[in-house]
Amino acid sequence: MDPRTFDYIYLKNHGASDEEISKELELSLEEIQLMQQTLRSVLREIEAERPQARTIGADFARLTSNVYAEKSDQELELVRPDAIKARSGEIFALPAVGKLDFGQISLQDAISQRRSLRKYSDEPLSQEELSFLLYCSSWARDFRSNERMEITFRNVPSAGSRHPIETFVDLRRVAGLKPGLYYYHPIKHCLILYDESPETQNKVFEGCFRQEMIQSSAANFIYTAVPYRTTWRYGQRGYRYLYIDAGHIGQNLSLAAEAVGSGACMIGAYLDEALNKVLKIDGTQEFVIYVAAVGKK
Ligand SMILES: Cc1cc2nc3c(=O)[nH]c(=O)nc-3n(C[C@H](O)[C@H](O)[C@H](O)COP(=O)(O)O)c2cc1C
C-alpha cells in the first residue's frame with residue numbers, strides 16, 4: 001500500500017480538494033484519482049460510520065459508567081492475559097538500573113522547569129540516560145506470575161497494576177546504539193531490535209504528521225496499549241484506564257528528561273493506522289496510544 005494512503009484519507013475527510021491533496025502529498029491528479037478508486041470501499045465505510053464517530057466521545061464516557069458493568073472476564077475465570085508481550089530480535093543490554101544516579105535535580109525543579117521541548121541540541125543521549133528514562137517510565141520492578149494472575153509493578157501507577165502499556169523506542173541519537181526501532185523489555189530492562197531500516201524511521205516521522213521534532217530528537221518513545229490486559233479485569237471501563245495509565249508514563253518520562261538535561265514533547269497528533277502499521281500491530285488487540293520525542297537541551 002502506498003504510504004501516503006493514510007494521509008490521503010485524512011486529508012480527504014478534512015474536506016481538502018484534489019488539487020490541495022496533490023500539492024500536499026506530491027501526487028499527480030491521475031495518481032489521486034487512482035487512489036480514490038482503490039479506496040472507494042474504505043471511504044464508503046468511513047462515511048457509513050461517520051454518524052457514530054460524531055458522538056462516540058460522549059457515548060464512550062456515558063457507556064463506560066460502572067452502572068453498565070457486568071461480570072468481567074476475570075470474575076468469569078477466563079484465562080488470564082500475559083503481563084508482557086513476547087517479541088524476539090537482537091538484544092541490547094542497558095546499563096543496570098541500580099547503578100543509575102541522576103539525583104542532582106530536585107523534584108520541585110524538575111516539575112517547575114518542565115516545558116514541552118521541541119528543539120534539541122545535536123548532543124546524543126548516553127545509554128545511562130536512556131536507561132534512566134526507561135527506568136522511570138516503563139521498567140518493572142517486580143513480576144509475579146501464576147495460573148490465575150500475571151502482574152508487574154512499576155514506577156508508574158496503573159489500574160489494578162495491569163500495566164497494559166508497552167514501550168517502543170525509535171532511537172535516532174543514542175551513543176553506542178545503532179539508530180532503529182527497538183522494543184523495550186520492562187522486566188529484563190533491555191532493548192530488542194525490532195526494525196532498523198531508515199525507511200521505518202521515516203514512516204514514524206510521517207505517521208506523526210511530519211512533526212519536525214520526531215526527526216531532530218535523540219529518541220522517540222512510542223507507547224502501545226494491549227487493552228485486554230485491562231479489560232479482562234474491568235470490562236469496557238478498562239479502556240478509560242489505558243489512557244490514564246499512558247498519562248502517568250508520559251509525566252514520569254517528562255520529569256525524568258528534565259533530570260538528564262533533556263526535554264520531552266508529548267505527541268497525540270499522529271495517524272493511528274500509519275503508526276500501527278509501522279509497528280506491525282493490528283490496531284485492535286494492540287494499538288499506539290501515545291508518543292513522546294526526547295532530546296538534549
Ligand atoms: C495528550 C497530549 C498530546 C499532545 N500532542 C502534541 C503534539 O502532537 N504536538 C505538539 O507539538 N505538542 C503536543 N503536546 C504538547 C502540548 O502542546 C503542550 O503540553 C501544551 O502546549 C502546554 O505546553 P507545556 O507542555 O510547555 O506546558 C501534547 C500534549 C499532550 C498532553
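I'll start with strand 4, residues 165-171: 7 of its 7 residues are buried, so the strand is largely enclosed by the rest of the structure. Keep in mind that this is a predicted model.

Which residues point which way? Ile 165, Thr 167, Val 169 and Leu 171 point to one side of strand 4, while Glu 166, Phe 168 and Asp 170 point to the other. Both sets are buried, and buried here means under 20% relative accessible area. As a reminder, side chains in a regular strand alternate between the two faces of the sheet.

Now the neighbours. Leu 171 has a bridge partner in each: Ala 219 in strand 7 and Gly 180 in strand 5.

On to the ligand. Its shell includes Arg 114, Arg 115, Gln 211, Met 213 and Tyr 290. By type, the shell residues split into 6 nonpolar, 3 polar and 3 charged. Which strand gives the largest share of that shell? Strand 8, residues 262-267, with 3 residues.

Ser 116 places a polar side-chain atom 2.5 Å from a ligand oxygen atom. For Arg 118, an N or O atom in the side chain is 2.8 Å from an oxygen atom of the ligand. Gly 268 uses a polar backbone atom, 2.8 Å from a nitrogen atom of the ligand.

Definitions and conventions. Residues numbered from 1 in each chain as written. Predicted model: local features only at pLDDT ≥ 70, side-chain atom pairs only at ≥ 80, totals over all residues. Heavy atoms only, no water. Buried < 20%, exposed > 50% of the residue type's maximum accessible area, 1.4 Å probe, protein only. Helix = DSSP H or I, 4+ residues; strand = E, 2+ residues; numbered from the N terminus. Pairing = 2+ DSSP bridges. Near = heavy atom within 4 Å. Polar contact = N/O pair within 3.5 Å; in protein donor to acceptor, adjacent residues only side chain to side chain. Nonpolar A, V, L, I, M, F, W, Y, C, P; charged D, E, K, R; others polar.
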